[in-house]
Amino acid sequence: MSPEELEELLGDPYDGANPYGFAAAVARDERDAFPEELVAALRGAGFHLNYLPREWGGRFESFDRSMLLVRTAARRDLNVMPGTMFGITAATCLALHGSPEQQKHAADLLGRGGAVGFALSEAEHGSDLLANAARLEPADGGWTLTGDKWLVGLGRRCEAVYVVARTGERGPGAFSAVLLDLTERDVDRGPAVPVGGMRGIDFAHLRFDRFPVPAHALVGREGQALESVMKAQQVVRVMSMAGSLGCADTALRLTLDFAAGRRVGRQTVLDSPHPRRELALASAALLAADVTALAAARGIHVAPEVFSVWGCAAKHVVAESAEELMRRCGTVLATRAVLRTEGPGGGLFQKLQRDAAVVRVVDTSTLANLRSYAGQLPTLVGAADSGDAVSLVRRVFDLDAPLPPYAPERLDLSARGRDPVTAALGAVAPEALARLAAQGDAGTAGLVTRLVSAAGGLPAEAAAADRHTGLADLAERFAWLHAAACCLYLWWANPERSLFGTEPGSAAWLGACLAHLLARADRVDPRREAAAQLPAADVTAGLRERGLLFSALPVRLARPS
């Protein structure tokens, strides 16, 4: 299934009578209702198989393809992700260290549209996983499980659950995993836990009180669970970015619809200076996030060994960019952004805001995400061989280059002193600057020079960073510079390809993205770089007029009915 085929299946989202449209999504949101019809339609088309490997009976080909499919569906209602894909974390863990029998059980369940829950977090400990208290204790013929697990997605309807619990006393090796079949013995699931966004998706607290666990339920070896979980979270970050992009795409499209159709005096809102500036900044944020997510989805195939940093940096940029976009769009919509039953989408914008806030933290909190790679930065930045790095980034960013098969066993917990993305800048920049000079684009060339200088200063900043807060601050700066490098590489590696609907080789979108990302890296208000970002509004307005997704890769959306 292609994104265009998915759009054709689901029809015009603006049609108020369409059960797969925006009005239906808002109505479900008001009732806290699960998207039964939408999920059934997607499962009938095999959408839920696109993250399962072929040896499990799935249709997975590559993460860039799956992410684009998920984003296309999520632009209508983010709840399609938990409704069809919340088994991805457990499935990835089982693919890494499950037995053939456990993998087959999960594949059968997920393949027919069932759910496998993932129970890791505990309310009292949050992201401090090493403090988790749920415990597996030896018993005759197996174990007993005691403790509570917090906010398990689809926890009230899952038929199996992957549970991480303590089997030792200290350190990461103190935790093991079991796969429980809840069709054989149910567990105390408690009431559904209401959250601000993703309404209708049950998040449950699971309570175990000396729950009997057979010996064959142990996944892998004792003490192996956290290693597999941390690797699986890298995969989850890729797919969660699709949710952020889906929400952002619809929010910006709604706002552009309003701005193009509303007049203030002799001008449309879209042509008025202040709203146009806000829409340009929102557009630049989305274009940059799109490139960053696309690069991550391809990078996990080419360089999974460094994805412990790459994925975290991309997750931060995409989630924070979606949040900024919502704020900018809300400024333009003004009162219409807060009305529940009037204005664009009849309350849709508020739903998008709430849903984006949930997906921002659904796999980890913002600070935990930064901490997860901050400690690697002192040895990481500037350490890779530039020649090898250029070869690697060309394979990632040349959109005509075939991707190697995804190899989850190559995922690692540490990038081990290599970051090809920032390391290749010094070698790629001269060619990029020469092309920009030939185009007479001194503005974008100046931004490229700033990027190279900023990335070159990262090793010294890492060496001088305060160990308490400095490394987390550096991790955030690194993430924005990483994203800026991704934008430069995508433009550099695809000179003959139209990107974002622009002429091949056009650097208009590139300059806007670099200006936005460098401002974020420098912790200054992006409005200070507003002039360089104005072309981004033209790019997204053109994509909207042509009925295309706000993506570097063209996706034709369903036509109005």
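Is H482 buried or exposed in this predicted model? H482 is buried, with a relative accessible area of 1%, where buried means under 20% relative accessible area, exposed over 50% and partly exposed in between, computed with a 1.4 Å probe on protein chains only. The model is predicted, so that local features need pLDDT of at least 70 and side-chain atom pairs count only at pLDDT 80 or more, while totals for chains, interfaces and linings use all residues. Residues are numbered from 1 along each chain as its sequence is written, and side-chain values use heavy atoms, with hydrogens and water left out.

H482 is placed in helix α19; helices (H or I, at least four residues) and strands (E, at least two) are DSSP runs numbered from the N terminus. Neighbours within four places in sequence aside, H482 is in contact with W310, A313 and V421, contact being heavy atoms within 4.5 Å. A313 is also among the residues touched by Y373, as are S308, V309 and C312, again without residues up to four places away in sequence.

Y373 and W310 are among the residues with the most contacts inside the largest nonpolar core, which has 203 residues. Such a core is a set of buried Ala, Val, Leu, Ile, Met, Phe, Trp, Tyr and Cys residues joined through side-chain atoms within 4.5 Å. Helix α8 (residues 225–261) gives the most to this core, with 19 residues.

The whole structure holds 12 aromatic pairs. Rings of Phe, Tyr and Trp (its six-membered ring) pair if their centres lie within 6.5 Å; planes under 30 degrees apart count as stacked, over 60 as edge-to-face and the rest as tilted. F63 and Y406 form an edge-to-face pair, at 4.9 Å centre to centre and 85° between the planes. This pair links distant parts of the chain, 343 residues apart: F63 is in helix α4 (residues 63–74), and Y406 is in the loop between α14 (386–397) and α15 (420–423). F63 is buried, at 5% relative accessible area.

The charged end of R157 is over the ring of F34, 3.8 Å from its centre. R185 lies over the face of F211, at 5.7 Å from the ring centre.

F500 is not a glycine, yet has a positive phi of about 55°. F500 lies in the loop between α19 (470–493) and α20 (508–521), and counts as buried at 1% relative accessibility.

Methods
Lys NZ or Arg CZ within 6 Å of the ring centre and 35° of its normal.
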